[in-house]
Amino acid sequence: MAVTTTPELIKTDELSYYAISKIEAQFIHKEIFTDHCYDIPNLPPNPFIVDAGANIGLFSLYMKRKYPQAKILAFEPAPACYDVLSRNLALNDALSGVRALQCGLSSSSGTLPLTYFPNLPGNSTLVPEEKNKLYEEAVRKRGKETADERFGGAVKVDVELKRLSDVLREYYPDKPDQGLESIDLLKVDVEGAELEVLKGLDEEHWKLVQNVVVETWEPSGIRPQIEGLLEEKGFTITRDKAEWAPDQFYMITARRQD
């Protein structure tokens with residue numbers, strides 16, 4: 001899987017989009033558009049959605065197609081992915097409904113090194129030790145040559161991190177006609193830093209969240225803490241194995257109890 005220096009345009013029945021890694025993008029496209037991994041029933045026709053870990057924008061584009069009146073706040077810290085995300089939003093006329101920010105989310109604001117994988121940009125992570133485990137699994141299943149090709153060439157990139165509540169206060173102040181009434185869906189797919197994203201949400205915003213979908217990998221060890229936090233905040237939890245993903249990936253879905 002060679003590094004793509006110029007993003008490649010991919011055309012599908014649903015949409016066209018640019019991708020850094022064609023193979024990875026096609027995998028993500030399948031899990032979102034075909035497997036419907038983030039579908040939540042009974043969202044309002046004009047949902048407010050937070051896309052934490054937007055990558056090249058396929059989830060945001062999917063939700064805008066499904067809910068044309070949706071407002072989406074998308075976060076992507078990797079510079080290369082953010083550039084392609086912006087191009088994809090423009091290509092699909094989604095700029096008016098999606099606010100994309102070049103930063104990651106965490107429990108505190110600051111700057112941290114992101115391990116960026118040019119052949120697997122969607123696996124770029126703030127928690128490289130998790131990817132070391134995934135690399136070892138890839139070696140066992142596919143051989144060292146394939147694993148090196150996919151995870152090779154990694155570089156460290158300093159990225160900005162913000163707390164989600166700080167961003168919500170900045171862009172949606174508690175003023176007439178400007179404040180948030182509901183966060184209908186919080187989607188979190190941030191390659192090992194999912195718990196840190198959730199810890200960056202203050203109680204004033206937690207009470208607005210209606211649905212949460214989190215992708216997590218069992219060897220990371222954070223799933224019980226994620227589920228415990230969501231239950232503490234009043235959500236009903238379901239957990240499903242991500243059939244489209246490698247072993248031990250789970251989708252945690254949390255719904256606000258009425």
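Predicted model: local features only at pLDDT ≥ 70, side-chain atom pairs only at ≥ 80, totals over all residues.

**Entry 1: the second largest cavity.** I started with helix α1 (residues 22–34), which gives the most to the lining of the second largest cavity, with three residues. The volume here came out at about 30 Å³. I wrote down the residues lining this cavity: A19, I20, S21, E24, A25, I28, N55, I56 and P121. Sorted by class, they are six nonpolar, two polar and one charged.

**Entry 2: the largest cavity.** How many cavities of 30 Å³ or more does the structure hold? I got two. The largest has a volume of about 40 Å³. Around it I found E130, D189, E191, G192, E194, E215, T216, W217 and F249. Strand β10 (residues 211–217) supplies the largest share of that lining, three residues. By class I logged five charged, two polar and two nonpolar residues.

**Entry 3: the cysteines.** Next I went after disulfides. A disulfide is a covalent bond between the sulfur atoms of two cysteines. My tally for this structure is zero.

The cut-off I used is within 2.5 Å. C103 is in no disulfide either: its nearest cysteine sulfur, again in C81, is 14 Å away.

Are C37 and C103 buried or exposed? C37 is buried, at a relative accessible area of 10%. C103 is buried as well, at 2%.

Definitions and conventions
Residues numbered from 1 in each chain as written. Heavy atoms only, no water. Buried < 20%, exposed > 50% of the residue type's maximum accessible area, 1.4 Å probe, protein only. 1 Å grid on protein atoms, 1.4 Å probe; cavity = no way out; pocket = protein on both sides within 12 Å on 5 of 7 lines; lining within 4 Å. Points joined across faces, edges and corners; volume = space filled by probe spheres on them. Helix = DSSP H or I, 4+ residues; strand = E, 2+ residues; numbered from the N terminus. Nonpolar A, V, L, I, M, F, W, Y, C, P; charged D, E, K, R; others polar.
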